[in-house]
Amino acid sequence: MPLPPTAYTCSKQFEGYPCCHRQWRHPGHCHFVHGYSRSFTVWFAAKELDACGFVVDFSSLRPLEAQLRQQFDHTFLVNGDDPLLSQWQALHDQGALDLRVMENVGMESTARLVWEWANALLHERDGSRSCCWKVEARENRANAASYEDWPAWFSAVAS
């Protein structure tokens with residue numbers, strides 16, 4: 001991925017989202033339920049700084065943080081095609097776990113999901129002035145995955 005097409009960038013880290021998941025298709029131990037405290041680093045870029053001189057005002061990211069907390073804080077993540085989905089749903093209905101069904105619970109897909117959420121927030125709020133161009137999703141100190149892309153609506157040329 002090339003460098004950002006703008007001189008203005010910043011990043012924000014979000015951490016402390018303990019959750020568990022399973023990759024039911026995995027032939028090894030990852031098919032068992034296991035958990036991590038997930039964290040995310042989100043990179044932003046802007047064509048021009050806002051009135052306060054920021055790429056992104058970090059305090060304006062509270063809706064994104066709320067989405068992260070809702071999805072990943074003390075939750076159980078499963079793929080939508082998990083063959084035990086009905087059992088997980090029954091346990092959720094009984095109050096034994098807080099189920100979140102995802103297309104894919106892996107860190108790569110999670111990074112893309114957070115990238116989509118960040119860009120939806122920024123595009124709605126800032127138009128095309130700022131965007132998220134990279135997300136790193138980390139399950140622990142040793143393991144992380146990232147997603148990098150430029151939203152179709154973002155251009156480095158100031159309007």
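Trainee: With which residue does arginine 138 form a salt bridge?
Mentor: A salt bridge needs a side-chain nitrogen of Lys or Arg within 4 Å of a carboxyl oxygen of Asp or Glu. For arginine 138, the closest N and O atoms of the pair are 3.4 Å apart. Its partner is glutamate 136.

Trainee: What kind of model is this?
Mentor: Residues are numbered from 1 along each chain as its sequence is written, and side-chain values use heavy atoms, with hydrogens and water left out. Local features need pLDDT of at least 70, side-chain atom pairs count only at pLDDT 80 or more, totals for chains, interfaces and linings use all residues, and the model is predicted.

Trainee: Is arginine 138 buried or exposed, or partly exposed?
Mentor: Buried means under 20% relative accessible area and exposed means over 50%, with partly exposed in between (1.4 Å probe, protein chains only). Arginine 138 has a relative accessible area of 23%. That makes arginine 138 partly exposed.

Trainee: What is the order of the six strands in the open sheet?
Mentor: Strands (E, at least two residues) and helices (H or I, at least four) are DSSP runs, numbered from the N terminus. Two strands pair if DSSP finds at least two bridges between them. The pairing in this open sheet is mixed, and its order is E4-E3-E1-E2-E5-E6.

Trainee: Which are the edge strands?
Mentor: An edge strand here pairs on one side only. That holds for residues 99–102 and for residues 144–148. These are strands E4 and E6.

Trainee: By how many degrees are neighbouring strands of this sheet turned against each other on average?
Mentor: Axes are lines fitted to C-alpha atoms, for helices over the stretch in contact, and angles run from 0 to 180 degrees between N-to-C directions. For neighbouring strands of this sheet, direction is ignored. The average is 35 degrees.

Trainee: How many bridges join E2 to E5?
Mentor: E2 and E5 run antiparallel. Within the pair, valine 42 stands opposite valine 135 in E5. The bridges joining E2 to E5 number eight.

Trainee: Which residue in E6 does valine 135 stand opposite?
Mentor: E5 and E6 pair in the antiparallel sense over five bridges. A hairpin of five residues joins E5 to E6. Opposite valine 135 stands tyrosine 147.

Trainee: How many of the nine residues of E5 are buried?
Mentor: E5 is mostly covered. One of its residues, lysine 134, counts as buried at 19% relative accessibility.

Trainee: With which residue does lysine 134 form a salt bridge?
Mentor: The closest N and O atoms of this pair are 3.7 Å apart. Lysine 134 lies in strand E5 and its partner in strand E6, so the pair ties together parts that are 14 residues apart in sequence.

Trainee: How many residues apart in sequence are the parts tied together by aspartate 82 and arginine 22?
Mentor: Aspartate 82 and arginine 22 form a salt bridge with closest N and O atoms 2.8 Å apart. Aspartate 82 lies in the loop between E3 and helix H2 (85–93), while arginine 22 lies in the loop between E1 and E2. Both residues are buried. The parts are apart in sequence by 60 residues.

Trainee: Which side chain is joined to that of histidine 21 by a polar contact of 3.2 Å?
Mentor: A polar contact is a pair of N or O atoms within 3.5 Å; within protein, one must be able to donate a hydrogen and the other to accept it, and residues adjacent in sequence count only if both atoms are side-chain atoms. Histidine 21 is in strand E1 (residues 8–21) and counts as buried, at 4% relative accessibility. Its partner in the polar contact is arginine 38.

Trainee: At about how many degrees to E1 does helix H1 run?
Mentor: Contact means heavy atoms within 4.5 Å. Helix H1 (residues 62–72) lies across E1, E2, E3 and E4. Its angle to E1 is about 20 degrees.

Trainee: How many disulfides does the structure hold?
Mentor: A disulfide is a pair of cysteine sulfur atoms within 2.5 Å. The sulfur of cysteine 19 is 7.0 Å from the closest cysteine sulfur, in cysteine 20, too far for a bond. Cysteine 30 has its nearest cysteine sulfur, that of cysteine 20, 13 Å away. The number of disulfides is zero.
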